[in-house]
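The entries below follow the order in which I looked things up.

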Amino acid sequence: MGAGSVETAAARRRASARRCQITAGPVVRTVAVDGYAAAGVGGGLLAAAVAFTPSFLFVLFGGRHFDRLRASTHVQAFLTGAGPAVNGAIAGSAIPLALALTHAWQYAVLAAAALWLLALRRGVVSALLAAGAIGVVGALAGLTVG
């Protein structure tokens with residue numbers, strides 16, 4: 001296998017990984033559990049199918065066009081404009097939530113998470129896991145959490 005074949009295979013894997021990110025995995029599982037709770041196995045299967053089918057069809061029939069769309073100047077212009085809107089939406093929800101904190105230790109966790117995410121540019125998942133763990137330890141230690 002030549003170097004060109006390896007590069008092509010790597011490019012295909014990256015493109016495949018990008019396409020997989022738009023599927024509705026966690027949503028499908030949540031909806032399936034809700035469907036099961038409402039109507040048993042049949043309800044779970046129906047709910048999962050209804051939640052999964054649109055994203056599956058989108059990837060199946062639209063996947064080959066994604067790289068071309070990402071290269072489009074119109075799509076890039078839209079995404080460039082959407083970025084500040086998303087930041088505003090996040091701030092619009094984060095600020096009222098931060099103002100609702102009632103205990104000093106909660107502010108310390110928020111400050112540590114902000115440092116972790118913004119200054120150190122670390123991952124959201126690790127920040128959420130660490131904040132959750134701190135909350136559990138704090139609750140077990142007798143800190144007021146509510």
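**Entry 1: terms and source.** I took contact to mean heavy atoms within 4.5 Å. I took helices (H or I, at least four residues) and strands (E, at least two) as DSSP runs, numbered from the N terminus. This is a predicted model, in which local features need pLDDT of at least 70, side-chain atom pairs count only at pLDDT 80 or more, and totals for chains, interfaces and linings use all residues. Residues are numbered from 1 along each chain as its sequence is written, and side-chain values use heavy atoms, with hydrogens and water left out.

**Entry 2: overall content.** I counted 6 helices and 0 strands. From the N terminus the order of elements reads α-α-α-α-α-α. For burial I used relative accessible area: buried is under 20%, exposed over 50%, partly exposed in between (1.4 Å probe, protein chains only). By that cut-off 16% of the 146 residues are buried. I also looked up the contacts with a separation of 6 or more, and 45% of them are between residues 24 or more positions apart.

**Entry 3: helix α5.** Which residues of α5 are buried? They are Q106, V109 and A113. Seen down the axis of α5, the buried residues fall within an arc of 60°, so they line one face of the helix. The arc is that of the directions from the helix axis to the C-beta atoms. For background, an α-helix has 3.6 residues a turn, so residues three or four places apart point the same way. On the other side of α5 I found A104, L118 and A119 exposed. The buried residues of α5 pack against α6, residues 124-140.

**Entry 4: helix α6.** I repeated the length check on α6. Its 17 residues should span 24 Å, and the end C-alpha atoms lie 24 Å apart, in agreement. A127, G135 and G138 are the buried residues of α6. They cover an arc of only 70° around the axis, which puts them on the same side of α6. V125, L129, V137 and L140 are exposed on the other side of α6. The buried residues of α6 pack against α5. Just after α6, G142 takes a positive phi of about 100°.

**Entry 5: the α5/α6 pair.** How do the axes of α5 and α6 cross, and within what distance do they come? They come within 10 Å and cross at roughly 160°. The axes are lines fitted to C-alpha atoms, for helices over the stretch in contact, with angles from 0 to 180 degrees between N-to-C directions. α5 and α6 are therefore roughly antiparallel; angles under 35 degrees count as roughly parallel, over 145 as roughly antiparallel, 65 to 115 as roughly perpendicular and the rest as oblique. I noted the crossing of α5 and α6 as right-handed. From α5 the contact is made by W105, V109, W116 and L117, and from α6 by V124, S126, A127, A131, I134 and G135. A crossing is left-handed if the near helix is turned anticlockwise from the far one by less than a right angle, and right-handed if clockwise.

**Entry 6: R121.** I then went to the loop between α5 and α6, where R121 lies. R121 has a positive phi of about 55° although it is not a glycine. In general, most residues other than glycine have a negative phi. R121 is exposed, with a relative accessible area of 72%.

Entry 7: Is Q106 buried or exposed? At 15% relative accessibility, Q106 counts as buried. Leaving aside neighbours within four places in sequence, Q106 is in contact with L101 and V145. Y107, also found in α5, counts as partly exposed at 41% relative accessibility. L101 lies in the loop between α4, residues 73-99, and α5. At 23% relative accessibility L101 counts as partly exposed. Beyond four places in sequence, L101 is in contact with Q106, Y107 and L110. Last, I looked up L101 and V145, which are 44 residues apart along the chain, and their C-alpha atoms are separated by 9.6 Å.

Notes:
The expected span of a helix is 1.5 Å times one less than its number of residues.
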